[in-house]
Amino acid sequence: MHRRRLRLSILKLRIKACKSEDCLKNRYFDSKVKNNFGELLEDTLFGYVNYWRKTLDGLTEWMILTAQLTRNIFKVTPISFSRDKLALGTCLHCLCTSDIRKQTRTRSFFILILSMHSENLTSQIKTFALIPKQHLSKSLLICVATQKIIAKFGMLPHKNTILGGTNKT
């Protein structure tokens, strides 16, 4: 598949999934992601598609692939969280180098939603404050729930369990 079409198909798939909430615990969606993007994801895990990171569109699609689709393909395994720090760093880079208020709703959503993967409450709150009010959606409200969980437990218990840690009660 042509590189640009492939990148756009990642973005379209993720947008469609989030609108229909298919991205939440849906085996069919997970299977579709693995069949369509599994090999490409493996390439990103080894750094073979870092050239995508040269443009804001490419960065956005790269972050979706590495942080979001990784969860669908490697569900409930430590690998599903393996690219979080790199994707979060890329998210912060985007926030430092471009005005999020001037981005499309879709792009700003996918850049900002990655902050939800951070267990740093201060980082989450600062990033969430950047979301323009008109861009708030049901999916972004998950960020608020995530912040409450981190405030209460100091971590994300589901992630900690998958990574083999013990949770506070």
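This is a short tour of the model, stop by stop, with something to select at each one.

Before you click anything, note that the model is predicted, so local features need pLDDT of at least 70 and side-chain atom pairs count only at pLDDT 80 or more, while totals for chains, interfaces and linings use all residues. Numbering starts from 1 along each chain as its sequence is written, and side-chain values use heavy atoms, with hydrogens and water left out.

**Stop 1: the salt bridges**

Start with charged pairs. Side chains of opposite charge can pair when their charged atoms come close. A salt bridge here is a side-chain nitrogen of Lys or Arg within 4 Å of a carboxyl oxygen of Asp or Glu, and the structure holds 3 of them.

Select R71 and D84. Their closest N and O atoms are 2.7 Å apart. R71 sits in helix α3 and D84 in helix α4, 13 residues apart, so the pair links distant parts of the chain. (Helices, H or I of at least four residues, and strands, E of at least two, are DSSP runs numbered from the N terminus.) R71 counts as buried at 19% relative accessibility, and D84 does too, at 6%. For that label, buried means under 20% relative accessible area, exposed over 50%, and partly exposed in between, using a 1.4 Å probe and protein chains only.

Show the three residues together: R71, D84 and K159 are linked in a network of salt bridges.

Now go to K75 and D30, whose side chains form a salt bridge at 3.3 Å, N to O. K75 is in the loop between α3 and α4, whereas D30 is in helix α2 (residues 27-45), so the pair ties together parts 45 residues apart in sequence. K75 counts as partly exposed at 32% relative accessibility; D30 is buried, with a relative accessible area of 9%.

**Stop 2: V76**

Stay in the loop between α3 (56-73) and α4 (84-97) and select V76. Check its backbone: phi is near 50 degrees, a positive value in a residue other than glycine. V76 is exposed, with a relative accessible area of 62%.

**Stop 3: S98 and α5**

Move on to S98, in the loop between α4 and α5. S98 is buried, at 19% relative accessible area. Leaving aside neighbours within four places in sequence, S98 is in contact (heavy atoms within 4.5 Å) with L56 and Q103.

Then colour helix α5 (residues 105-112), which is mostly covered, with 6 of its 8 residues buried. Those are R107, S108, F109, F110, I111 and L112.

**Stop 4: α6 against α7**

Finish with helix α6 (residues 121-129) and helix α7 (residues 141-153). Their axes come within 10 Å and cross at roughly 160 degrees. That makes α6 roughly antiparallel to α7. To see the contact, select L121, Q124, I125 and F128 of α6 with C143, V144, T146, Q147, I150 and A151 of α7.

How values were computed. Axes fitted to C-alpha atoms, helices over the stretch in contact; angles between N-to-C directions. Parallel < 35°, antiparallel > 145°, perpendicular 65-115°, else oblique.
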